[in-house]
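Please look over the points below with the model open beside you.

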Amino acid sequence: MLDQALLNTLKSYLDQAHTITLVCGKDANIDVLAATSVLADVLASLGKEVQLVSPQKIETTVISGLEEAETTIGKQNLVVSFPYQENAVDKVSYHIGDESGQFYLTIKPKKGHEPLDSKTVEFTYAGVESDAIILVGVTKLQDLEQLYIGYEDFYEKTAKISFTQNGSQIGDVNVSAVGYSSLSECLLVMLNSLSYSFSAESATNILSAIDVETDYMRSLKASAVTFEAVAQLMRVGARRLRPQVSELTAHEETATVQAGAEIT
């Protein structure tokens with residue numbers, strides 16, 4: 001369960017961070033997707049600049065708010081590249097137009113060499129920089145594949161906050177959902193404790209995760225805290241949904257045999 005010392009440390013990290021990289025774990029189930037989406041929504045409402053990334057493309061019709069998720073992490077710097085010939089470039093300079101405010105990069109060839117062919121110029125992004133990394137459903141950084149490989153120094157040097165169901169030790173702050181029906185239920189308790197507000201859309205996402213993880217409140221994992229959470233979520237406008245079977249893991253599919261449309 002969440003203790004006050006952990007909550008105080010977590011709030012301190014979040015208060016100090018302006019830019020945050022929010023990482024959704026690989027092969028995320030509905031619970032992890034919901035927690036990721038809710039964190040993105042809450043952090044944005046707090047005025048944080050959030051980059052949401054996942055090792056693979058996120059496809060879900062149940063959890064909303066993940067449409068902007070990217071599968072690449074290094075987008076801090078614009079990189080201009082072109083085939084280079086030794087001694088072909090005389091000087092690289094730039095200036096900013098007085099009236100237009102336009103940025104001009106000038107690549108001057110040496111005498112006897114042709115100007116750079118504009119068709120060979122490529123524009124890409126590289127580099128990453130954040131005040132904090134939030135990892136949701138991640139137990140090993142290596143599982144993040146292209147989001148981690150090549151960016152080891154970034155993860156090493158940046159403050160990390162980890163949210164997992166069964167706990168991990170990869171973060172500077174590690175939030176475990178042990179004792180709760182789901183990661184999303186744990187997140188709701190955390191938001192309430194920190195007095196962070198959330199939207200009706202986020203409430204629906206949390207409720208969808210709780211429903212799946214508790215077999216629609218039939219599982220013994222559903223506690224008094226769970227029922228209180230559902231009541232709170234529905235009061236703020238959460239809708240009850242049933243995910244399609246194709247979106248469920250084997251465990252979740254077993255718990256949701258009666259998959260169908262929205263519950264009214």
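1. Two strands are said to pair if DSSP finds at least two bridges between them, and the strands themselves (E, at least two residues), like the helices (H or I, at least four), are DSSP runs numbered from the N terminus. This is a predicted model, in which local features need pLDDT of at least 70 and side-chain atom pairs count only at pLDDT 80 or more, while totals for chains, interfaces and linings use all residues. Residues are numbered from 1 along each chain as its sequence is written, and side-chain values use heavy atoms, with hydrogens and water left out.

2. Five strands form an open sheet with parallel pairing, in the order β2-β1-β7-β8-β9. Because β2 (49–53) and β9 (173–176) stand at the edges with a single partner strand each, one side of each is left without a neighbour in the sheet. From one strand to the next the twist averages 15 degrees.

3. Strand β1 (residues 19–24) pairs with β2 in the parallel sense over five bridges, and β1 also pairs with β7 in the parallel sense over five bridges. On the β2 side, T21 has Q51 as its bridge partner and L22 stands opposite L52, whereas in β7 the bridge partner of L22 is I134.

4. Is β1 buried or exposed? Six of the six residues of β1 are buried, so the strand is largely enclosed by the rest of the structure; here buried means under 20% relative accessible area, exposed means over 50%, and partly exposed lies in between (1.4 Å probe, protein chains only). In a regular strand the side chains alternate between the two faces of the sheet. In β1, T19, T21 and V23 are buried on one side, and I20, L22 and C24 are buried on the other, so that both faces are covered.

5. Helix α1 (residues 4–16) lies across β1, β7 (132–136), β8 (159–164) and β9, and runs at about 125 degrees to β9. Helix α2 (residues 30–45) lies across β1, β2, β7 and β8, and runs at about 170 degrees to β1. Such angles run from 0 to 180 degrees between N-to-C directions, with axes fitted to C-alpha atoms, for helices over the stretch in contact, where contact means heavy atoms within 4.5 Å. Together, β1, α2 and β2 make a right-handed β-α-β unit, a term meaning that, with the strands pointing away from the viewer, the path from the first strand over the helix to the second runs clockwise.

6. The structure holds three aromatic pairs, which are rings of Phe, Tyr and Trp (its six-membered ring) with centres within 6.5 Å; planes under 30 degrees apart count as stacked, over 60 as edge-to-face and the rest as tilted. The rings of Y94 and F103, with centres 5.2 Å apart and planes at 20 degrees, are therefore stacked. Y94 counts as exposed at 56% relative accessibility, and F103 counts as exposed at 51%. The rings of F154 and Y155, with centres 5.5 Å apart and planes at 75 degrees, form an edge-to-face pair, and both F154 and Y155 are buried. Ring pairs link Y148, F154 and Y155 into a cluster.

7. Finally, T214 lies in the loop between α5 (200–213) and α6 (224–235), and is buried, with a relative accessible area of 0%. Leaving aside residues up to four places away in sequence, T214 touches S181, S219, A222 and T226.
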